[in-house]
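Work through the exercises below with the sequence and the structure side by side. Try each task before reading its solution.

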Amino acid sequence: MNNIIFLGLAGAGKGTQAQILSDTIGIPMVSSGDLFRFHLSNKTELGIEANKYMSIGALVPDDTTINMILQRIGEEDCNNGFILDGFPRTLEQAESLHKAVNGQINCVVYIEVAENELVKRLSDRVICTIKTCNAILSKSAIGGIDSNCPKCDKPALSQRKDDLPEVVENRLKTQIPLIKQLVDYYNNKDILISVDGEQNVDMVESEIQMKLGINQ
Ligand code: AP5
């Protein structure tokens, strides 16, 4: 069983590293933010409700989020494990997950990045809106959002609405006190590893794989 959680503030690189690890070890990545955005793009009741919170940088209520994630990790492709990105974010979510998997969490990877670097990264982030691609990119590295996605070659690049500066400020204000609680919670269970998220993407990947004992 490979049940791994990625913890970190908005823009720390959870999605980037969870996707790399998922491709490396063949365990599905489950992202709460991506699931909410998927629901929103399909205009489901859940997506429309979640967007009321996401658009202002607040957290979606625990009940809704917990139900969505526990249902997703109960699906067949998660039988050998899952890599969670963006969940849990509150102690209530952490406790619910712990109960649902009988404490079977192998490791929590905490990606640490300073706040000023996070703000810079989020204002530069571009995503591919093709669901099977979902690439996370840097606008300055690819020269804008008008070109095709460098990963799937489709004209589907976009900036997330919650990456506007005023929403980013609220997201970080909401997340900072909560992440401290989660770091303590998982440290007390002795399953937390911290990673320096200010290195480049490849170096963060190497540090994670080294600390998880994955042969490179
Ligand atoms: P979510 O989508 O989870 O957003 P987030 O946690 O705020 O995290 P991000 O996706 O913004 O950042 P990331 O850490 O994944 O960084 P990324 O790899 O993209 O959640 C959105 C909203 O949904 C929440 O605000 C909330 O409303 C709701 N929600 C979600 N989960 C919830 C929950 N559990 N409970 C309640 N509500 C919930 O990288 C960012 C940028 O940096 C990219 O451009 C990337 O290319 C770049 N980058 C990555 N790594 C590096 C590096 N090492 N060096 C330089 N650049 C890098």
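The model is predicted: local features need pLDDT of at least 70 and side-chain atom pairs pLDDT 80 or more, while totals for chains, interfaces and linings use all residues. Residues are numbered from 1 along each chain as its sequence is written, and side-chain values use heavy atoms, with hydrogens and water left out.

**Exercise 1.** Describe how α2 and α4 pack.

Step 1. Two packed helices are described by the angle between their axes and the distance between the axes. Helices (H or I, at least four residues) and strands (E, at least two) are DSSP runs numbered from the N terminus. Axes are lines fitted to C-alpha atoms, for helices over the stretch in contact, and angles run from 0 to 180 degrees between N-to-C directions.

Step 2. The axes of α2 (residues 32–41) and α4 (residues 62–73) come within 11 Å and cross at roughly 100°. The two helices are therefore roughly perpendicular (angles under 35 degrees count as roughly parallel, over 145 as roughly antiparallel, 65 to 115 as roughly perpendicular and the rest as oblique).

Step 3. Contact means heavy atoms within 4.5 Å. On α2 it involves Ser-32, Leu-35, Phe-36 and His-39; on α4, Thr-65, Met-68, Ile-69 and Arg-72. Four of these residues are nonpolar, three polar and one charged (Ala, Val, Leu, Ile, Met, Phe, Trp, Tyr, Cys and Pro count as nonpolar, Asp, Glu, Lys and Arg as charged, and the others, Gly among them, as polar).

**Exercise 2.** Which residues form the aromatic pair, and what is its geometry?

Step 1. The structure holds one aromatic pair. Tyr-185 and Tyr-186 form it, edge-to-face, at 4.9 Å centre to centre and 85° between the planes. Rings of Phe, Tyr and Trp (its six-membered ring) pair if their centres lie within 6.5 Å; planes under 30 degrees apart count as stacked, over 60 as edge-to-face and the rest as tilted.

Step 2. Tyr-185 is buried at 12% relative accessible area, and Tyr-186 is buried at 1% (buried means under 20%, exposed over 50%, partly exposed in between, with a 1.4 Å probe and protein chains only).

Step 3. The charged end of Lys-189 sits over the ring of Tyr-185, 4.7 Å from its centre. A charge sits over a ring if NZ of Lys or CZ of Arg is within 6 Å of the ring centre and within 35 degrees of the ring normal.

**Exercise 3.** Is Gln-175 buried or exposed, and what is Gln-175 in contact with?

Step 1. Gln-175 lies in α8 (residues 165–188) and is buried at 10% relative accessibility.

Step 2. Apart from neighbours within four places in sequence, Gln-175 contacts Gly-8, Leu-9, Ala-10 and Arg-89.

**Exercise 4.** Find the backbone exceptions.

Step 1. Most residues other than glycine have a negative phi, and most peptide bonds are trans.

Step 2. Lys-43 is not a glycine but has a positive phi of about 50°; Lys-43 is exposed at 66%.

Step 3. A cis peptide bond, omega about 0°, joins Phe-87 and Pro-88.
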